[in-house]
Amino acid sequence: MNQSLLLTSIAGIRIAWQSDWTEDMDHLGHAFRYHVIDQEVDHEPCHHVSFSAVFEPPYNLSAYTPVIEGPLIKSDIVSLYALPDGRDILQVKDEIWIEHNRGMRTTRVLLRCLHDNGKVVRPRITDVVVILLHTLMSMYHRYVVHAAAIGIEGKAYVFLGESGHGKSTLSSDMVAMGAEYMGDDLIFLYTENGRVMAGSLLFDTKLIPSPDADHKERVDMISRYNGKPRLWLPVAAFHYISRTDSIESKLISQDAIDCMAQLLRASNNIRLQYDPDIWQDVCTEAASKIPYYILRYGARTSISPTFFSHVK
């Protein structure tokens with residue numbers, strides 16, 4: 001049993017995490033270690049998330065029709081229910097329920113446990129944290145994008161592209177050369193005070209350890225390169241990564257409409273997120289203000305942080 005709080009800042013939103021299971025708190029503390037903030041810094045409102053065990057389905061949802069139902073987020077079966085009392089319940093398979101109360105700024109995560117030979121088998125918290133962030137952060141108009149990002153001289157450079165096109169490799173190479181790590185798989189985009197912002201998700205990078213390896217390993221980029229955590233930065237440019245057999249890499253400027261299309265395409269599970277119309281507004285503002293390029297990604301040695309220095 002653990003009732004202590006873990007207070008974090010993610011894309012400028014304060015979130016307090018709590019669980020009835022010590023292992024959960026250990027996992028959360030490790031995953032969000034670069035997002036942890038001092039509880040005495042200020043007293044701004046924060047969103048509270050709690051994790052609890054249940055041994056029977058906690059809701060009778062048979063009387064309600066799902067707003068959304070289908071395979072989403074890593075092919076898990078997800079059902080979203082909007083209850084008349086203002087609660088929204090996201091059911092993942094038949095073992096995890098995420099209950100958001102937007103008005104109360106609270107989220108309850110209920111994990112269905114089973115007894116197995118005298119032991120309690122509990123769903124892994126790793127199975128729910130990313131799904132939870134998709135919906136929770138959109139309450140505050142921070143929207144998840146499948147992208148990597150680095151910081152250079154106080155600006156964020158965002159890398160879009162399909163899985164396997166080199167987002168993690170490129171961002172890790174830039175961090176090794178002095179850029180700031182902001183995430184290699186998911187980031188948050190939002191607008192603030194007239195600027196388009198990128199919010200970091202500072203989880204470990206997943207990298208292939210050697211050319212002949214058939215798996216990825218998790219790497220703490222900030223610790224490896226003695227970096228400083230950067231939680232958010234204004235966006236300087238978007239880049240869509242496209243691999244090329246050429247040794248040299250080059251940037252090809254694209255139109256705003258192309259940027260808009262790629263941002264909408266890169267938005268993760270937008271059907272599950274709150275206020276999708278505001279996400280479209282964010283995309284429109286980003287496309288109209290921020291340069292967008294196709295990055296023909298050649299040899300890894302052909303790019304350094306100065307490659308992006310012409311973008312202001």
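The legends below describe close-up views of a predicted model. Local features need pLDDT of at least 70 and side-chain atom pairs count only at pLDDT 80 or more, whereas totals for chains, interfaces and linings use all residues. Residues are numbered from 1 along each chain as its sequence is written, and side-chain values use heavy atoms, with hydrogens and water left out.

**View 1. Packing of helix H5 against helix H6.**
H5 covers residues 256-266 and H6 covers residues 276-289 (helices, H or I, are DSSP runs of at least four residues and strands, E, of at least two, numbered from the N terminus). Their axes come within 8 Å and cross at roughly 145°; axes are lines fitted to C-alpha atoms, for helices over the stretch in contact, and angles run from 0 to 180 degrees between N-to-C directions. On the H5 side, Ala256, Cys259, Met260, Leu263 and Leu264 meet Trp279, Gln280, Cys283, Thr284, Ala286 and Ala287 of H6 (contact means heavy atoms within 4.5 Å). The residues of this contact comprise nine nonpolar, two polar and no charged, where Ala, Val, Leu, Ile, Met, Phe, Trp, Tyr, Cys and Pro count as nonpolar, Asp, Glu, Lys and Arg as charged, and the others, Gly among them, as polar.

A nonpolar core is a set of buried Ala, Val, Leu, Ile, Met, Phe, Trp, Tyr and Cys residues joined through side-chain atoms within 4.5 Å; buried means under 20% relative accessible area, exposed over 50%, and partly exposed in between (1.4 Å probe, protein chains only). The largest core has 39 residues, of which Trp17, Leu28, Phe32, Phe51, Val109 and Met137 touch the most other members. Helix H2 (residues 126-138) gives the most to this core, with seven residues. Apart from neighbours within four places in sequence, Leu28 contacts Leu6, Trp17, Phe51, Ile125 and Val129. A second, separate core contains 27 residues, including Val158, Leu160, Ala198 and Trp279.

**View 2. Salt bridge between Arg33 and Asp204.**
The structure holds 14 salt bridges (a side-chain nitrogen of Lys or Arg within 4 Å of a carboxyl oxygen of Asp or Glu). In the bridge of Arg33 with Asp204, the closest N and O atoms are 2.6 Å apart. This pair links distant parts of the chain, 171 residues apart: Arg33 is in the loop between helix H1 (22-31) and strand E3 (47-54), and Asp204 in the loop between strand E16 (195-199) and strand E17 (205-207). Arg33 is partly exposed at 24% relative accessible area, while Asp204 is buried at 15%.

Asp85 and Arg87 form a salt bridge with an N to O distance of 2.8 Å; Arg87 is partly exposed, at 22% relative accessibility. In the bridge between Glu192 and Arg142, the closest N and O atoms are 3.4 Å apart. Glu192 lies in strand E15 (residues 186-192) and Arg142 in the loop between H2 and strand E11 (143-146), 50 residues apart. Glu192 is partly exposed at 29%, and Arg142 is buried at 10%. Salt bridges that share partners join Asp85, Arg87, Glu99 and Arg108 into one network.

**View 3. Surroundings of Arg105.**
Arg105 sits in the loop between strand E7 (96-101) and strand E8 (106-112) and is partly exposed, with a relative accessible area of 29%. Leaving out neighbours within four places in sequence, Arg105 contacts Pro45, Cys46, His47, His48 and Tyr140. Arg105 and Tyr274 are 169 residues apart in sequence, with their C-alpha atoms 14 Å apart in space.
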